[in-house]
Amino acid sequence: MELRPEPGAEPTRALWIAVAVLGLVGAAFIAVTAPLDRLLGTGAEAVRSAVHGLAAGVLMVTATIGVFQAYRMFLGRAGGLGEVQAGSVVNAIAAVVTVVSGNWLYIPYRSAAGPRQYFLQVNPDVHKVFFEFKEFAALFVVPLSVTAAYLLVRYGEDLARRRGLSTVVALLLVLVFFYFAVAFGLGAAITKLRSV
Amino acid sequence: MMTERRMAPRLPTGPAAAAVVAAGLGLMALGLSQVGAEASESFKAWLQAVGNAWMPGAGGIGPYSGKETVALVVWCGTWAGLHFAWRRREVSVTVAGVAALILIGLATTLVWPPVTEWLAHR
């Protein structure tokens, strides 16, 4: 059997290669000419703060897309299955990375000279209510997003035939967004009051 | 000639229900471990020891490491157990979803600090 490329496949591949090469050239140019070592700041926790912030930023995007997909799924008008599955897997990975990097950042938060001590002295309720709740709300996102991704990947097209199952997946994606928004909002507010 | 498009056979819903209920149970374990840590110093010390046993940097994040561990173990353990038990069965995903919602709601209430404190010091 002869395998022939689909019409138009080659130009598409060439276009992606061109984009990748241009991207690499651009990245190399920036790496050589920009003061990247100053980008993250000079604080001792600059790297872990950046990793956590970046992961949370990705999660904000994927969780928001998840809510939109949940709404369409609830209406029975979900888009391309592959798109929804890929989005949910990225969502779950971003949730895990955000929580793991959050743990890493929690160490300086709890240190002797960290924000925790400051809040306990100046305004204990900020730590005792808002931060304590934020750290648990963030954890909720992991099992919820992993379960949503598992159901989407395992059941695939079956979801369209099972109204109960697709409703549960939609609900999980909405809950992911809710707990993420609580944790993200409180995290941003606390960082504004006192950062690590 | 018309070709008939065959639908893939339906998968049993047991594994889906198992995953959904396990997520709720894992979060409930998190809520209970938080209340337990506030109520008992020895349980808090045990949670710290559990975290120290495997988690890098657990000393820096205190008993939170143990609470995460308990939630992770209960989540993954019940998922595996329920999956095995229900892998070939039809289980109502709607009932599983309602059960998980109740567990998630209870867990959220348990980790809300004013409630945690009230329960722990009764």
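Author: What follows starts with the meeting of the chains and then turns to the helices.

This is a predicted model, in which local features need pLDDT of at least 70 and side-chain atom pairs count only at pLDDT 80 or more, while totals for chains, interfaces and linings use all residues. Residues are numbered from 1 along each chain as its sequence is written, and chains are lettered from A and ligands numbered from 1 in the order in which they are written.

The contact between the chains draws 27 residues from chain A and 28 residues from chain B, where two residues are in contact if their C-beta atoms, placed from the backbone, lie within 7 Å. On the side of chain A that touches chain B, at least two residues each come from helix H3 (81–110), helix H5 (124–155) and helix H7 (163–193) of chain A; helices (H or I, at least four residues) and strands (E, at least two) are DSSP runs, numbered from the N terminus. H5(A) gives the most to that side, with 15 residues. Sorted by class, the side of chain A that touches chain B holds 17 nonpolar, 3 polar and 7 charged residues, with Ala, Val, Leu, Ile, Met, Phe, Trp, Tyr, Cys and Pro counted as nonpolar, Asp, Glu, Lys and Arg as charged, and the others, Gly among them, as polar.

H5(A) also packs against H7(A), at an angle of about 150° and with the two axes 7 Å apart; axes are lines fitted to C-alpha atoms, for helices over the stretch in contact, and angles run from 0 to 180 degrees between N-to-C directions. H5(A) and H7(A) are therefore roughly antiparallel to each other, given that angles under 35 degrees count as roughly parallel, over 145 as roughly antiparallel, 65 to 115 as roughly perpendicular and the rest as oblique. In passing H7(A), H5(A) makes a left-handed crossing, the term for a near helix turned anticlockwise from the far one by less than a right angle, whereas clockwise is right-handed. The contact of H5(A) with H7(A) has 26 nonpolar, 3 polar and 1 charged residues.

Within helix H5 of chain A sits Ala138(A), which is buried, with 23 other C-beta atoms within 10 Å. A residue is buried if 20 or more other C-beta atoms lie within 10 Å of its own, exposed if 12 or fewer, and partly exposed in between, with C-beta atoms placed from the backbone. Leaving aside neighbours within four places in sequence, Ala138(A) is in contact with Val99(A), Gly102(A) and Ala183(A). Thr98(A) is 40 residues from Ala138(A) along the chain, and their C-alpha atoms are separated by 8.6 Å. Val96(A), in helix H3 of chain A, counts as partly exposed with 15 C-beta neighbours inside 10 Å.

Helix H4 (residues 115–122) of chain A has Pro115(A), Arg116(A) and Phe119(A) buried. Seen down the axis of H4(A), these buried residues fall within an arc of 100°, so they line one face of the helix; the arc is that of the directions from the helix axis to the C-beta atoms. The buried residues of H4(A) pack against H3 and H5 of chain A, while Gln121(A) and Val122(A), on the other side of H4(A), are exposed.

Glu45(A), between helix H1 (9–33) and helix H2 (46–74) of chain A, is partly exposed, with 19 other C-beta atoms within 10 Å. Apart from its neighbours within four places in sequence, Glu45(A) is in contact with Leu105(A), Pro108(A) and Val196(A).

Chain B has helix pairs of its own. H1(B) and helix H5 (residues 93–111) of chain B pack at an angle of about 15°, their axes 8 Å apart, and are therefore roughly parallel to each other. The crossing in which H1(B) passes H5(B) is left-handed, and the residues of this contact divide into 21 nonpolar, 4 polar and no charged. Helix H1 (residues 14–39) of chain B also packs with helix H6 (residues 113–120) of chain B, at about 55° and with axes 8 Å apart, which makes H1(B) oblique to H6(B). The crossing of H1(B) and H6(B) is right-handed.
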